[in-house]
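Q: Could we go through this model together, feature by feature? I'd like to learn how to read it.

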Amino acid sequence: LELRAFHIRGEVARRKIQDLNTDEDLTPDDITELQIHMRLSDDGFGSPDETDFFLTTFFDTIASMIEGDQLGDVNDNDVGAGYFVLYCEGEDPRTMLNRIKPFLTQCSKSKEDFVILRSPEQELEIAISDI
């Protein structure tokens, strides 16, 4: 039996942001988001070393870049179905992507790694190998 505990600190931040926006007319369609999808070594949760890296070093580095430059917030993560996914919200997903591009390309080990740039106008999927 193998148990893993996941730290999901982003859910608290996401709820806090939603609570602050209750007076505004924001809907899920108004959110601009950068989603980072990193392929794991298997179709489940990946190896313990992989998930540890993504939940600590990867998460913290991306958060420090995006939040440190006040480009947005890293709000949530998800592990499973063969991917680690990181959700970053901010005014301009393309600016967030440009800021973290060198680190993403350094960490990318699979041609299946990709990002999604989501805005009210469009949703664009880009392979990390193409950025």
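A: Helices (H or I, at least four residues) and strands (E, at least two) are DSSP runs, numbered from the N terminus. Keep in mind that this is a predicted model, where local features need pLDDT of at least 70, side-chain atom pairs count only at pLDDT 80 or more, and totals for chains, interfaces and linings use all residues. Residues are numbered from 1 along each chain as its sequence is written, and side-chain values use heavy atoms, with hydrogens and water left out.

Q: What is the strand order in the open sheet?
A: The five strands run E2-E3-E1-E4-E5, with antiparallel pairing. At the edges sit E2 and E5 (123-127), each pairing on one side only. On average, neighbouring strands are turned by 15° against each other, direction ignored. For angles, axes are lines fitted to C-alpha atoms, for helices over the stretch in contact, and values run from 0 to 180 degrees between N-to-C directions.

Q: How many bridges join E2 to E3?
A: Eight, and the two strands run antiparallel. As a landmark, Asp 73 stands opposite Glu 89 in E3. E1 is joined to E3 by seven bridges, with Met 38 opposite Phe 84 in E3. E1 also pairs with E4 over five bridges, in the antiparallel sense, and there Glu 33 has Arg 118 in E4 as its bridge partner.

Q: How covered is E1?
A: First the cut-offs: buried means under 20% relative accessible area, exposed over 50%, partly exposed in between (1.4 Å probe, protein chains only). E1 is mostly covered, as six of its seven residues are buried.

Q: How do I read the shape of helix H2?
A: Compare its span with the expected one, which is 1.5 Å times one less than the number of residues. H2 (residues 48-68) has 21 residues and reaches 28 Å from first C-alpha to last, close to the expected 30 Å. For bends, take the angle between axes fitted to the seven residues ending at a position and the seven starting there. H2 has a kink of about 35°, centred on Phe 54. After H2 comes Gln 70, whose phi is positive, near 55°.

Q: What do the buried residues of H2 pack against?
A: An α-helix has 3.6 residues a turn, so residues three or four places apart point the same way. Among the buried residues of H2 are Phe 54, Leu 55, Phe 58, Phe 59, Ile 62 and Ile 66. The buried residues of H2 pack (contact means heavy atoms within 4.5 Å) against E1 (33-39), E2 (72-80), E3 (83-90) and H3 (93-107).

Q: Which residues have the most contacts inside the largest nonpolar core?
A: A nonpolar core is a set of buried Ala, Val, Leu, Ile, Met, Phe, Trp, Tyr and Cys residues joined through side-chain atoms within 4.5 Å. The largest has 27 residues, and those with the most contacts inside it are Leu 34, Ile 36, Phe 58, Ile 62, Leu 86, Cys 88 and Leu 104. H2 gives the largest share, eight residues. Leaving aside neighbours within four places in sequence, Phe 58 is in contact with residues including Ile 36, Met 38, Phe 84 and Leu 104.

Q: Where is Leu 71 found?
A: Leu 71 lies in the loop between H2 and E2. Its relative accessible area is 23%, so Leu 71 counts as partly exposed. The C-alpha atoms of Leu 71 and Thr 95 are separated by 7.5 Å, though they are 24 residues apart along the chain.

Definitions and conventions: Two strands pair if DSSP finds at least two bridges between them.
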